[in-house]
Structure formats: structure tokens, C-alpha cells
Amino acid sequence: MTAAFDGIRILDFTQLEQGPSGTQVLADFGAEVVKIERIDVGEIGRGQFPTIDGYSPHWSATNRNKKSLSIDLKSDRGRELVLELAKDADIVASNFRPGVMDRLGLGWDALSAVNPRIIVAYASGYGQDGPYAYRRGQDLAAQAISGLMALTGSADSGPTPSGTFMIDYVASMQFAQGMMIALSARERTGRGQVVDSCLLNAAVATHLQEGTTFLNTGQTFPRPPAGVAHAHNTALYGQYETADGRWLALIGEFYITEPWKRTARALRMPDEVRDDPRFQDTAGLREHLVETRDHVAAGMKALSFDEAMERFEAEDVLVAPVNEYAEVFADEQILHNDMVLTAEVPGIGEMKFVGIPVRLSDTPGTLRSTPPTVGQHNDELLRALGYDDAALRELKDSGVVGSESDREGAGGAASW
């Protein structure tokens with residue numbers, strides 16, 4: 001089966017989540033992604049806890065379907081090897097601070113000189129230039145500066161970050177998108193170019209609807225009362241606890257007629273509350289947000305989770321369980337969608353991975369190889385450049401490339 005990115009080679013200098021998640025997208029769909037790593041220790045993300053015999057599941061989540069070349073980039077010969085690889089590469093990807101790749105002699109000028117078709121893809125905190133360019137970038141900082149954190153949470157909680165490194169992931173998808181767009185453009189122009197994606201832009205783009213509304217009307221979106229999910233919505237859009245301690249997300253103000261009456265009937269509210277004229281339209285529900293929130297919360301608290309699910313479904317009001325992890329990865333739809341993959345990691349055993357979220361009917365993504373040990377593919381990649389056994393031995397003995405696989409083959413521990 002032909003994969004979507006068969007024949008595409010990426011030299012991948014990225015670390016942690018923002019960069020590796022982006023290059024993994026192309027790897028999942030067939031690209032040859034070669035991690036360029038430090039000898040013995042690899043990229044910084046490999047050390048993320050917890051570990052299993054030195055293997056980090058956290059790190060492994062973003063590094064399947066990749067190869068590893070361990071090399072000393074501080075040496076002239078190491079840089080020359082990368083430039084040699086770049087002659088036949090399509091993309092060089094990195095997420096260091098701006099200027100680092102140039103200082104290594106591996107920026108746009110050097111790479112495009114050896115390969116005019118090369119795409120140089122940068123992921124960063126704030127972009128390659130501008131007043132913040134050289135600041136340290138991080139997910140939480142991007143959530144804060146972008147306004148996303150101020151939108152999130154309740155009036156009582158104060159600004160609230162996402163429960164995961166959401167902007168790292170969103171930015172990684174934009175990083176992947178940028179690389180794919182550049183590949184498509186090259187088909188028409190024959191030229192490579194620079195891709196510049198960053199955490200801050202990704203975070204701003206997550207609330208583009210609210211942002212556009214503010215820019216044109218001045219409307220702001222203060223955090224709503226606790227339990228209500230968004231300042232733009234009513235008490236029929238939020239999360240509520242049931243009598244047995246489970247939580248439900250209520251999406252009751254969309255897609256149906258008489259949303260308040262349907263919700264009130266599901267919760268067995270008194271007739272005078274159900275029919276209260278103040279609550280029959282969106283304007284009234286917003287005006288009486290706290291009062292209606294309290295009615296819904298009390299009604300939910302009087303029902304078990306199963307009772308609430310059954311009653312809302314009978315009224316055709318959309319609800320969803322707020323799943324904890326044990327429930328997430330046992331969910332029948334999530335399993336049906338192949339969002340849990342299983343593979344054997346050599347020396348570690350059977351491991352599970354979060355699956356590939358996008359399906360293609362003709363060129364689907366696949367889990368072809370588990371994440372590599374540091375330097376696992378040194379011999380394979382350098383032999384393809386024409387290096388014979390003697391030349392490989394000399395490179396290893398001089399410390400230009402790593403000997404991790406040789407040590408492992410002789411009985412040493414794997415370099416995770």
C-alpha cells in the first residue's frame with residue numbers, strides 16, 4: 001500500500017511535544033522521519049517520567065514511526081554529515097529558539113545552498129522574529145499571553161489553564177499543516193521555503209471566533225459562573241454533578257425547540273419553574289444565569305448518573321459523560337475509532353499508544369515502528385550515504401556519531 005508521504009524525508013531536530021507531535025503526523029502517513037539526537041542521551045524529552053526500564057511512555061507518544069541518528073553537531077564532521085543528508089531531504093524541522101539552527105550552521109542559508117528544494121520548518125514559542133522572539137516559549141505562557149487562560153474557568157476560579165498541554169498539541173498540528181502546505185507549494189513552484197509556526201499564534205487561533213467578535217464589536221467574554229462552560233452561553237451549557245458523584249456535560253441549548261422546558265422536564269422541576277416566562281428564551285436565560293444554573297445543579301444532584309442520562313435522552317437533550325481516564329480508554333466509540341493502538345517495544349514489552357486521529361480511505365496512517373532507541377539507525381542511515389564498515393567505525397571511534405546500538409548488541413542496556 002502506498003502511503004500519503006512515501007518518499008518524503010524529514011530531518012527532525014525537534015524535542016518535547018510541539019515539534020515531535022507535528023513530525024509524527026507526517027511519519028504516521030509514510031514519511032521517513034530521522035531524529036537527529038545527541039549521542040547517548042538523545043533528545044531532552046526522553047527523560048520524562050514515569051519511565052519503564054528507562055523507556056518514557058510520555059516521550060514515546062510523539063515518536064513512533066521514526067528513526068534515530070545520534071551525532072555530535074558541535075563537530076565540523078557532524079554538521080557535514082547533516083548537510084550531506086539534507087541534499088536528499090525534503091524538510092528539516094526544529095523547535096529550538098530562533099537562531100540556534102543558524103549558529104549550528106544548519107539554518108535556511110546553509111541548507112538551501114545544498115538543496116534549493118529544502119523546506120526548513122521552525123516551531124517556536126513566539127515566532128522567528130519580533131519583540132518576544134528570544135524569550136523562552138512554553139505552553140502555559142502561550143495560554144496566558146494569548147487570552148485563552150483568561151477565557152477559561154469560572155468567575156470564582158480565576159483564569160484557568162487547560163488540563164493538558166493543549167497549546168503544544170494545537171501548535172504541533174499547525175506545524176504539521178505548515179509542512180504539508182509547503183510540500184504542496186513546492187509541487188507547483190519547485191522551490192523550498194521557511195515554515196514559521198509558534199505556540200502564541202496557535203493559542204490565539206483557538207479562540208478566533210471570540211477574538212473576531214471582540215475586534216469588530218468590542219464584546220468581551222468574562223468567565224461565567226461556576227458550572228457554566230462559556231460566557232456566551234446559558235446554564236444549559238455546562239457541567240453538573242449527579243447524586244452518585246459522576247459528572248455530566250449538558251449541551252441543552254442547541255439543536256432543539258423549547259430547551260429550558262425539555263431540561264426542566266428531564267430534571268422533574270416544578271411546573272412553575274419549567275414554565276417561568278423569564279426562562280423561555282436565550283436572552284432570559286442569560287439574564288438569569290445564576291438562578292437557572294442553581295435550578296439545573298439542584299435537579300442534577302437529585303438524580304443518579306444513569307437516571308440523568310436516561311431522562312435527558314428521552315427529552316432529546318444532548319448530554320455527555322465527563323469521563324475519567326479509565327472510562328475514556330474503555331469507551332466503545334473511542335475503541336471503535338482505533339484510538340488505542342498496541343505494539344511490542346523491543347526490550348520493554350507490549351505497549352499501548354494513542355491512535356491516529358485522522359482516517360484516510362486510500363492512504364491511511366499506520367503504526368509501522370515503535371519509537372527508536374538513541375542512535376538505533378546510525379548504521380542504516382550512514383550506509384545509505386555510502387559509508388562502509390571502516391568509515392562507520394572511524395566515525396564512531398572519533399565520537400562524531402554514537403555507538404549506542406553496538407553497546408546494546410554486546411549486551412549493554414538500551415539507550416532510551
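This is a predicted model: local features need pLDDT of at least 70, side-chain atom pairs count only at pLDDT 80 or more; totals for chains, interfaces and linings use all residues.

Modeller: Helices here are DSSP runs of H or I with at least four residues, strands are E runs of at least two, and both are numbered from the N terminus. By that rule Y325 sits in helix α16, residues 325–328. Numbering runs from 1 along each chain as its sequence is written, and side-chain values use heavy atoms, leaving out hydrogens and water. The chain's mean pLDDT is 97, and 100% of its residues reach 70 or more.

Back to Y325: its relative accessible area is 65%, so Y325 is exposed (over 50%; buried is under 20%, partly exposed in between, with a 1.4 Å probe and protein chains only).

N233 is at 10% relative accessibility, so N233 counts as buried. Its side chain makes a 3.1 Å polar contact with that of E253 (N or O atoms within 3.5 Å; within protein, one able to donate a hydrogen and the other to accept it, with sequence-adjacent residues counting only if both atoms are side-chain atoms). Setting aside neighbours within four places in sequence, N233 has contacts (heavy atoms within 4.5 Å) with V228, E253, F254, R286 and L289. As for α10, one of its ten residues is buried, so α10 lies largely in the open. After α10 comes G218, with a positive phi near 85°.

Notes. pLDDT is the predictor's confidence in each residue, from 0 to 100.
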